[in-house]
Amino acid sequence: MASSGYDYIIVGAGSAGCVLAGRLTEGGANSVLLLEAGGRDNHPYIKVPLGLGKLHDHKMFDWGYDYEPEPQMSGRKVEAMRGKVIGGSSSINVMAYVRGNRGDYDRWDRKGAKGWTYKDVLPYFKRMETFEGGEDTWRGGKGPLGVIVGHAPDPIWDDWLDAAKDAGYAVNDDFNGKEQLGFSRSQYTIKNGRRCSAAVAFLHPARGRANLTVETDAFATRVLMEGTRAVGIEYEQGGEVKTAHADKEVILSGGAFNSPQLLMLSGIGPADHLKSHGIKTLVDLPVGQNLQDHLAMWIMWARPDNTSPFRDLLRADRISTAFVRAYLTGKGPATIPPSGLAAFTRYNQELTAPEIQFLFRSAPSHPHMWFPGITPPYDDMFGIRPVLLHPESRGEVLLRSTNPRDAVRLVPNFFSAQSDVAVLREGYKLGLDAVHQGPLDKFRGKRVDPPDVNTDKEIEAWIKAKAITAHHPCATCPMGAESDKAAVLDPELRVKGTQGLRVIDASSMPDLISGNINAAVLVIAEKGADILRGQKLPRAEAA
C-alpha cells in the first residue's frame, strides 16, 4: 500500500476543490494533494460552450445518480446529474452565474452560520470574478473567473423583455448587482469564448506549482481517523489501494452526495443508520439529513415561424464549422448558449427574496442537427421553466452498503410539503401570464406541453408528473451554530466533534439560495480558503 504526506488533502476537484487547491497553494506555503475520481477536463464538448447539449444528452462525465422513486411524483426516478471530471459540475453545467439574493446569506447568519452575511461574502464574490460589465460596488473586475452577459442572437429575447414589462415586471440590468428581482439578460461563466469552469479559473493556473499534486481517477474510499482526528485518506487508483496523510487537515469537497457518503463510511453520521450497516460510530451527526434541490418543469409552445437562429445554426454544416471555430479561436455562434434571459419573482409581495426563478428556452428540450435531404429539421419551440427556489421538503442521503463503489441512496421526499406544489402552481400561472403578453404573439403557437391543463388540480397533477431537478443538490452537511443539533459543521466549516476535518462544498450550505448554486459554492470555497489560512477580507459595509 503506497503512502505519502501533505499539509492538506482535498477530496474532489469540483467547483470547491479547484478553488481550494488554487488558493491554498498560493505563495508556496502549503503542500496540497487534490484527489479526483474522474479524469481530465480537456474534451472539446467541455471547452466549447455549445457543447453542453452533447454532454447532457450522452451523460458524459457524469456520476450517473438518480433519485429514488418518489411516491409524490408517480413513483418516478428523477435523474440527478453530477460532474465526474476535473472541474466537477462546473465543467458540465449550463454555466449560469447566479449569486442568489442578499437575504439568503443573511438568513444563513441568522440560522447560526455566523460570519456568512451578504456583507461578509460580497468581498469574496468580487475577488473571484471579472465581470464584463466592469467593477463597481457589487461586481469584481480583477478575479480569475470570467463572467459575461449572454446575448444570444434571437429576436425573441428582446420581445420577452417587452412582454415582462407589459406583465408588470421590472427589467433589471444586473441580477447579481444591487437588486435581484426582475427579468434580466443571462450571465455565464465564459471567458474568451470558452467555458470558464472552476478548473479553468483556479486550478489550471496553479498546476505548475511544486506544492500542488493532482491525482485523477483516484476514488476515495474512507477518511483515515485516529480517534476523532482526521489524519488522511484511503483511495483506489489503477487497481491499487493507496493512502495519503495530512499533517494539517483533510477537506471533503465531493459535493452534496459524495461528501456525506465518505463521512458515513468513515464512522461519522447518524448512529442508527451506521449501525444498520455494521459501521462503528465515531461521531453521531445528522450527515445527509437535510437534502434539498430545486424542482422545475418546462412549459412549451410551438414557434410557428420555424426560423429561430438556433435552428438555423444546427444545420450540420453550419454547427460543425461553428464548433471548430469556437474551439480553435473562441469566437463565433458556438461560444454562447442559446438561452438569453433569467428572471426572479415572487407572488407573496411581503417577501424580500424571490420564490420563483424563470428559466427560458428558444428551442425544444432536445434539438438535433439536421441537413436537407438527410435529416429533417426539428419543429421549433420556445418555453419558460418556473423553478421552486425555497422548498420546504427535505430529503436524505443514505448508504446503500459499506462498499464505497455502491452509489448512495438519494431519497428526495419531493413534494412531501404540499406548500411546495402550491408555490410551483403559482409559478406556472405567472409564467403563462407573461407568455400571453402581446409582444410574444408572433412567436407563440400552440401550447405543446401541457396541452390541456387549466384547473388548480390539473396543474398540480401535471407538475407532479413532469417536474425534474434543476441539478442544485445541497445542504447535506449544513453549517450552523454549535448548539444546533441539525448542523453537521460549525461556521468555519469544521465537522463537529472532530479535529482536522472540514467539508467545503455544496453540502455546507444551510439551505438553498435563490438561484443556481455554483456561484455560492465557489464563494464558500473562497471564504473557506481564507479561514484555513487564518485571514479574511473586510466586510462590505457600504453595499
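How much space lies in the largest cavity? About 90 Å³. This is a predicted model: local features need pLDDT of at least 70, side-chain atom pairs count only at pLDDT 80 or more, and totals for chains, interfaces and linings use all residues. Residues are numbered from 1 along each chain as its sequence is written, and side-chain values use heavy atoms, with hydrogens and water left out.

**Cavity**

- A search of the whole structure finds 1 cavity of 30 Å³ or more.
- A cavity is a set of points, on a 1 Å grid over the protein atoms alone, where a 1.4 Å probe fits but cannot get out. Lining residues have an atom within 4 Å of a point.
- Grid points are joined across faces, edges and corners, and a volume is the space filled by probe spheres set on the points.
- The largest cavity is lined by 14 residues, and Gln-292, Asp-293, Ser-393, Pro-412 and Phe-414 are the closest to its centre.
- Its lining divides into 7 nonpolar, 4 polar and 3 charged residues. Ala, Val, Leu, Ile, Met, Phe, Trp, Tyr, Cys and Pro count as nonpolar, Asp, Glu, Lys and Arg as charged, and the others, Gly among them, as polar.

**Second largest pocket**

- The second largest pocket holds about 420 Å³ of space. A pocket is an open set of grid points with protein on both sides within 12 Å along at least five of seven lines.
- Its lining counts 22 residues. Nearest the centre lie Arg-107, Leu-351, Pro-354, Glu-355 and His-390.
- Helix H4 (102-110) and helix H12 (418-435) are the elements that give two or more residues to this lining. Helices (H or I, at least four residues) and strands (E, at least two) are DSSP runs, numbered from the N terminus.
- H4 gives the most, with 4 residues.
- The lining of this pocket has 8 nonpolar, 5 polar and 9 charged residues.

**The loop between S17 and S18**

- Glu-355, one of the residues nearest the centre of the second largest pocket, sits in the loop between S17 and S18.
- Glu-355 counts as buried because its relative accessibility is 11%. Buried means under 20% relative accessible area, exposed over 50%, and partly exposed in between (1.4 Å probe, protein chains only).
- Beyond its neighbours within four places in sequence, Glu-355 is in contact with residues including Arg-346, His-390 and Val-423. Contact means heavy atoms within 4.5 Å.
- Arg-346 is in that loop too, between strand S17 (341-345) and strand S18 (356-361).
- Not counting residues up to four places away in sequence, Arg-346 touches Leu-181, Leu-351, Thr-352, Ala-353, Pro-354 and Glu-355.
- Arg-346 and Gln-357 are 11 residues apart along the chain, and 8.6 Å separates their C-alpha atoms.

**Helix H11**

- H11 (residues 316-329) has 14 residues. From first C-alpha to last it reaches 20 Å, close to the 20 Å expected at 1.5 Å a residue. The expected span is 1.5 Å times one less than the number of residues.
- Ile-319, Ala-322, Phe-323 and Ala-326 are the buried residues of H11. They lie on the same side of H11 because they cover an arc of only 100° around the axis. The arc is that of the directions from the helix axis to the C-beta atoms.
- An α-helix has 3.6 residues a turn, so residues three or four places apart point the same way.
- Thr-321 and Leu-328 are exposed, on the face turned away from the buried side of H11.
- Helix H2 (44-47), strand S8 (194-195) and helix H10 (309-313) are among what covers the buried residues of H11.

**Helix H13**

- In H13 (residues 456-466), the buried residues are Ile-459, Glu-460, Trp-462 and Ile-463. They fall within an arc of 160° seen down the axis, so they line one face of H13.
- Their cover includes strand S16 (299-302), H12 and strand S22 (447-449).

**Backbone points to check by eye**

- Most residues other than glycine have a negative phi, and most peptide bonds are trans.
- Phe-61 has a positive phi, near 55°. Phe-61 is partly exposed, with a relative accessible area of 23%.
- Met-95 also has a positive phi, near 70°. Met-95 is buried, at 0% relative accessible area.
- Asp-449 and Pro-450 are joined by a cis peptide bond, with omega about 0°. Pro-450 is in the loop between S22 and H13.
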